[in-house]
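Hi everyone, thanks for making time. I'd like to walk you through one structure today, so let me put it up on the screen.

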Amino acid sequence: MMILNKNKILIIAAIFLIIILIIALIIYFNTRIVVDNSGFTLKDDLSVNVYSDVSVNDFIKNMDGKIVDNNKINTNKLGKVEVEFIYLNSDERKRKGTFEVEVKDLEEPLIWLANSYSVRVGEDVNLEDEILCADNYDSNPSCKIKGDYDLNTAGNYSLVYEAEDSSGNKESINFTLNVYEPKVNSGGSNNEVVYTDFKEILDKHKSDNTLVGIDVSKWQGDIDFAKVKEAGAEFVIIRVGHQNGVGGEYVLDPYFEANIKNALENNLEVGIYFYSYADSKKEARKQAKWVIKQINDYDVSLPVAFDFESFTSFNSMNLSLFGLNEVAESYFSTLEDKGYDTMLYGSKNYLNAIWKYNKNKVWLAHYTDETDYSKDYMMWQLCQDGIIDGINGFVDIDILYK
């Protein structure tokens, strides 16, 4: 009887396990997501420009159902990319769709050149290095000047600057090289000094949604921040330092400590900028850490800016335009990890052409009465010839938008 009971128990257990297995198989076959490309059709062109912001839906022409996960597609490298996504078919069953896109570089290189370029007679420059020639993807595009010229002989030379990237995209610009003799200044000029009065900017731009302020460095010398505050300034962006060229040391602005202490003592909000020659993400992170060390003991309530203007050195940096934007992002992320807000400094034209991949806040430099910069910006440097009580000489004036 004992043996029989054990056998019954084993049989019941086996039946129970079989039932569980059957249920599991039923659930699996009813819920598993199978590859099924019959529920949609694709567009004819499955190619995309490198660094494009695209997702699955951008390539679907028609669908018998709806997409569940309209994921972004990684377009940071050239070549073919396998794309997988989940969609619901007309029976509301999940299916996996697959297709392949090809990432291409469809943009010609950028040559930063107008229809003329001027050089003094005898100036020791390499024009192919001096004139910015860059590519969105290729860190070393071919950049050549076609035509004859002599930097030791004054005159106008008709030349062509040609550039080609590794994907075969080409750009060329016809320009006139003006090699000129320096003029001797005889003095006695009666030209009127043009300047921008801070009070006029305050009257025009101050509102509940704006702050009006200045940005300063050693070039402003000793500043009386009590007078600056009394004149109506609400904030100041202070240069903490600069880099001595590509690969150079970091130099603390000799007026930084006095500027930040006196600005804070006079209840001005403070932001920071660093003038950079960073040519790699590693270098940018290193600079950000150096900046943090200098400002750590102060109340920096406004953003810390990345100020990169060394474009005459860019050709030797082995960077693509996208790579330069990644350099800036490394600077930003290092500071943001320590709780600082950040922003990118740039002129209107450079922001449009060089910093087009930037997703950070922007400090716009555009010296005009009304800017026509079309993208978002948090601060506008509207002049460099500002006059304000407390500073002997010119200063940049800025509008901060809340």
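Okay, let's start on the inside. The largest nonpolar core here has 79 residues, and the ones with the most contacts inside it are Ile272, Val291, Phe306, Tyr331 and Trp355. Before I go on, please keep in mind that this is a predicted model.

Which helix gives the most to this core? That's helix α7, residues 321-336, with 8 residues. As a general point, nonpolar side chains in soluble globular proteins tend to be buried together.

Let's zoom in on Ile272. Leaving aside residues up to four places away in sequence, Ile272 touches a whole list of others, including Ile237, Ile238, Val240, Phe256 and Ile260. Val291, Ile295, Pro303 and Ala305 are also among the residues that Ile272 touches. Apart from this core lies another one, of 17 residues, and Ile111, Ile131, Cys133 and Ile173 are among them.

Now, back to α7 and a partner helix. Helix α6, residues 281-295, packs with α7 at an angle of about 35°, and their axes are 8 Å apart. The crossing of α6 past α7 is right-handed. Who makes the contact? On the α6 side we have Lys281, Ala284, Arg285, Ala288, Lys289, Val291 and Ile292. On the α7 side, look for Glu326, Val327, Ser330, Tyr331, Thr334 and Leu335. Sorted by class, that contact has 7 nonpolar, 2 polar and 4 charged residues.

Next up, cysteines. How many disulfides does the structure hold? It holds 1. Cys133 and Cys143 form a disulfide, with their sulfur atoms 2.0 Å apart. The torsion about their S-S bond is about -80°, so this disulfide is left-handed. Cys133 sits in strand β10, residues 133-134, while Cys143 sits in strand β11, residues 142-146, and the two are 10 residues apart. Both Cys133 and Cys143 are buried. Cys383 is buried too, with a relative accessible area of 4%.

Buried or exposed, then, for Glu92? Glu92 is exposed, at a relative accessible area of 55%. Asn267 is exposed as well, at 62%.

Methods. Residues are numbered from 1 along each chain as its sequence is written. This is a predicted model: local features need pLDDT of at least 70, side-chain atom pairs count only at pLDDT 80 or more; totals for chains, interfaces and linings use all residues. Side-chain values use heavy atoms; hydrogens and water are left out. A nonpolar core is a set of buried Ala, Val, Leu, Ile, Met, Phe, Trp, Tyr and Cys residues joined through side-chain atoms within 4.5 Å. Buried means under 20% relative accessible area, exposed over 50%, partly exposed in between (1.4 Å probe, protein chains only). Helices (H or I, at least four residues) and strands (E, at least two) are DSSP runs, numbered from the N terminus. Contact means heavy atoms within 4.5 Å. Axes are lines fitted to C-alpha atoms, for helices over the stretch in contact, and angles run from 0 to 180 degrees between N-to-C directions. A crossing is left-handed if the near helix is turned anticlockwise from the far one by less than a right angle, and right-handed if clockwise. Ala, Val, Leu, Ile, Met, Phe, Trp, Tyr, Cys and Pro count as nonpolar, Asp, Glu, Lys and Arg as charged, and the others, Gly among them, as polar. A disulfide is a pair of cysteine sulfur atoms within 2.5 Å.
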